Amino acid sequence: MTAPQRIAVLNGPNLNLLGERQPEVYGHETLDDVRALCRRGADAAGLELDFRQSNHEGELVDAIQELRHSTVGLVVNAAAYTHTSVAIRDALAVVTAPVIEVHISNVHRREAFRGHSYLSDVVDGVIVGCGTQGYELAIARLVRLAADRAADSRS
C-alpha cells in the first residue's frame with residue numbers, strides 16, 4: 001500500500017499574529033483559521049496536510065529542503081522574507097513539485113519594496129491580494145498541476 005500523498009503549506013514571519021497584526025491589511029482570520037481552510041482543501045483532494053509557520057529564515061529553508069521531493073505541491077507565504085531572502089528562493093528552486101507563492105494582501109498596493117519578490121521566478125504561480133482565500137486557491141491550483149503532471153507522465 002502506498003503512503004498517502006500530501007500537500008505542504010509554509011508560512012513565514014509574523015503570520016502567527018494573523019487576526020491581531022494589522023487586521024485592516026490582513027483581515028481578522030487567525031493562522032488556525034488558515035490551517036482549517038487548508039485542511040478542508042487537502043481533505044477534499046484526498047491529501048494529507050503538512051502546515052507549518054516559522055519566524056526564522058533558516059527553519060523555512062530547512063523545511064523546504066525536507067519537503068522538496070515528498071509533496072505533490074507546496075504553498076509558500078514567505079511573508080517579509082519574500083522581499084529579502086535569496087536563501088528561501090534558492091531552496092524553492094530545487095523543489096520537484098509545483099509551488100505556489102501566496103500573499104494575503106495586495107503587495108502591489110503597499111510599500112514599493114513589497115512589489116519585488118525573490119521567489120516569483122522559481123514558483124509555478126503567484127496569488128496576491130485574495131485574503132486568506134488565496135491559500136484555498138493555491139491548493140486547488142496545486143491539485144490541478146499535480147493531476148496534469150501525473151497525466152503527462154502516463155502518456
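β3, helix α4 (residues 86-92) and β4 form a right-handed β-α-β unit; right-handed means that, with the strands pointing away from the viewer, the path from the first strand over the helix to the second runs clockwise. Helices (H or I, at least four residues) and strands (E, at least two) are DSSP runs, numbered from the N terminus.

The model is predicted: local features need pLDDT of at least 70, side-chain atom pairs count only at pLDDT 80 or more, and totals for chains, interfaces and linings use all residues. Residues are numbered from 1 along each chain as its sequence is written, and side-chain values use heavy atoms, with hydrogens and water left out.

### Exercise 1

Determine which strands pair with β4, and in which sense.

Solution. Two strands pair if DSSP finds at least two bridges between them.
- Step 1: strand β3 (residues 73-77) runs parallel to β4 and is joined to β4 by 3 bridges. Within this pairing, Val-75 has Ile-100 as its bridge partner.
- Step 2: strand β5 (residues 125-128) also pairs with β4 in the parallel sense, over 4 bridges. Here Val-128 in β5 stands opposite His-103.

### Exercise 2

Solution. Buried means under 20% relative accessible area, exposed over 50%, and partly exposed in between (1.4 Å probe, protein chains only).
- Step 1: in a regular strand the side chains alternate between the two faces of the sheet.

### Exercise 3

Locate the residues that UniProt lists under "active site" and describe their setting.

Solution. UniProt positions are given in the numbering used here, feature names are shortened, and annotations may be inferred rather than shown by experiment.
- Step 1: the unreviewed UniProt entry places this feature at Tyr-26 and His-103. They span 78 residues in sequence, yet no two of their C-alpha atoms are more than 9.5 Å apart, so they gather at one spot.
- Step 2: Tyr-26 belongs to helix α1 (residues 23-26) and, at 11% relative accessibility, counts as buried.
- Step 3: His-103 lies in strand β4 and is buried, with a relative accessible area of 6%.
- Step 4: the side chains of His-103 and Glu-101 are joined by a polar contact of 2.6 Å (a pair of N or O atoms within 3.5 Å; within protein, one must be able to donate a hydrogen and the other to accept it, and residues adjacent in sequence count only if both atoms are side-chain atoms).
- Step 5: residues up to four places away in sequence not being counted, His-103 touches several residues, including Asn-77, Thr-82 and Val-128; contact means heavy atoms within 4.5 Å.

### Exercise 4

Solution.
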